[in-house]
Amino acid sequence: TYAGTAKQTCISYVDYGNTQRGSAILYSNIGTNSADFIGITAGAISNAATGAVNVYGGINEAQTGLTIGSDYYVQADGRLAAGVTFIPFDISSASYTQSFSVSSQETNPRQLAFNADGTKMFVAGQTGQDVSEYTLSTGFDVSTSSFVDAFDVSPQDTNPQGLAFNANGTKMFVVGATGVDVNEYTLSAGFDVSTASFVDSFSISGQGADPKNIAFNTDGTKMFIVELAGQDVNEYTLSAGFDVSTASFVDSFSVASQETQPHGIAFNTDGTKMFIVGFTGDDVNQYNLSAAFDVSTASFSNITFSVSAQETQPNTIAFSTDGKKFFVLGGAGQDVDQYAVTQNAFVATVKAGQAISATTINMKDLT
């Protein structure tokens, strides 16, 4: 082809010696005054068909959010980010930052939850047999917390252990050790426990007699219960999201090799990481799931983070929505300890669209 008076030569070939068969590499020389360009397609492009090719200075749909010519940093996990301080949901070398006491409201706190932007925090307590609500003037900064009110759950269970909400806070779930069940409540105003009313309950006694914590997947079609006596995580499916009356047991995953007194559970956003906190090691253990929110595919990642310097009775763990902070609720300290996840290790600086190695050019945005 021709661009003005400059002749453009394009050569495309498939590298059959590469394990990625079908990926096409494109070489182009435009006259004598322009740089050569190397591009790699996301997949094979049929003869006479069109397709996206990544080149230096170019962006395709796999690079949404990147700006041509801007600096991006290659993170330890292979992703790119610009000016990001922490790696989301990475506890491998997290650091303690601060704590907030809940002892004025609860001397035996059991479970912790936040709303999506971290401006509300909730603590389920065994002594008060209630759920305490706090507001945070700065989202996910426990030092800005202040108590609002509490909701009594004793008519349903005198030993509340676990606590969870649906996404918009119009449903609340409390795990009770007395009834060995999950109690469901509706809230007429999202994340306002003063508007809560009891709906129904679901027995989990068939899987154990000492439930400690609860978590859901994003759409509420899966529920997970930490069982102390069984030293495992029990998975349930819900045919109607966040409706415990539709729950049914699926299977369980033992954490006994890492923790014989498991209490808390949390997942990352896409359900490919699971975190268990317990009394035995006073630590947080990370598991990887090859299938999202499927505990049968879980395996220990060999990543453990100790919280013993702050807490010897860690009851639960919760993450900020972006995964850059996590919080451990402690029975011994009667407080919420806040941590910053692992800091980024900047190993290289690259431009958008530029190859970051001899074999890698496609880039992913963290947003």
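Predicted model: local features only at pLDDT ≥ 70, side-chain atom pairs only at ≥ 80, totals over all residues.
A search of the whole structure finds 27 aromatic pairs. A pair of aromatic rings is described by the distance of the centres and the angle of the planes. One of the pairs is formed by Phe114 and Phe140, whose rings are tilted, with 5.2 Å from centre to centre and 50° between the planes. Because Phe114 belongs to strand β9 (residues 109–114) and Phe140 to the loop between β11 (130–136) and β12 (145–152), this pair ties together parts that are 26 residues apart in sequence. Phe114, at 13% relative accessibility, counts as buried, and Phe140, at 9%, counts as buried too.

A further tilted pair is formed by Phe216 and Phe242, with 5.1 Å from centre to centre and an angle of 45° between the planes. Here Phe216 lies in strand β17 (residues 211–216) and Phe242 in the loop between β19 (232–238) and β20 (247–254), so that the pair ties together parts that are 26 residues apart in sequence. Phe216 has a relative accessibility of 12%, which is under the 20% limit, and therefore counts as buried; Phe242, with a value of 10%, likewise counts as buried. Elsewhere, ring pairs link Phe89, Tyr96, Phe275, Phe305, Phe319, Phe326 and Tyr339 into a cluster.

Turning to the strands, an open sheet is formed by four of them in the order β8-β27-β26-β25, with antiparallel pairing. Strands β8 (95–101) and β25 (314–319) stand at the edges and have a single partner strand each, so one side of each is left without a neighbour in the sheet. From one strand to the next, the twist averages 25°. Within this sheet, the antiparallel strands β26 (residues 325–330) and β27 (residues 335–340) are joined by six bridges, and Phe327 stands opposite Gln338 in β27.

The largest pocket has a volume of about 860 Å³. It is lined by 32 residues, of which Phe114, Phe165, Phe216, Phe267 and Phe319 are the closest to its centre. Two or more residues of the lining come from each of the elements β9, β13 (160–165), β17, β21 (262–267) and β25. In composition, the lining of the largest pocket divides into 22 nonpolar and ten polar residues, with no charged residues.

Methods. Residues numbered from 1 in each chain as written. Heavy atoms only, no water. Phe/Tyr/Trp six-rings, centres within 6.5 Å; stacked < 30°, edge-to-face > 60°. Helix = DSSP H or I, 4+ residues; strand = E, 2+ residues; numbered from the N terminus. Buried < 20%, exposed > 50% of the residue type's maximum accessible area, 1.4 Å probe, protein only. Pairing = 2+ DSSP bridges. Axes fitted to C-alpha atoms, helices over the stretch in contact; angles between N-to-C directions. 1 Å grid on protein atoms, 1.4 Å probe; cavity = no way out; pocket = protein on both sides within 12 Å on 5 of 7 lines; lining within 4 Å. Points joined across faces, edges and corners; volume = space filled by probe spheres on them. Nonpolar A, V, L, I, M, F, W, Y, C, P; charged D, E, K, R; others polar.
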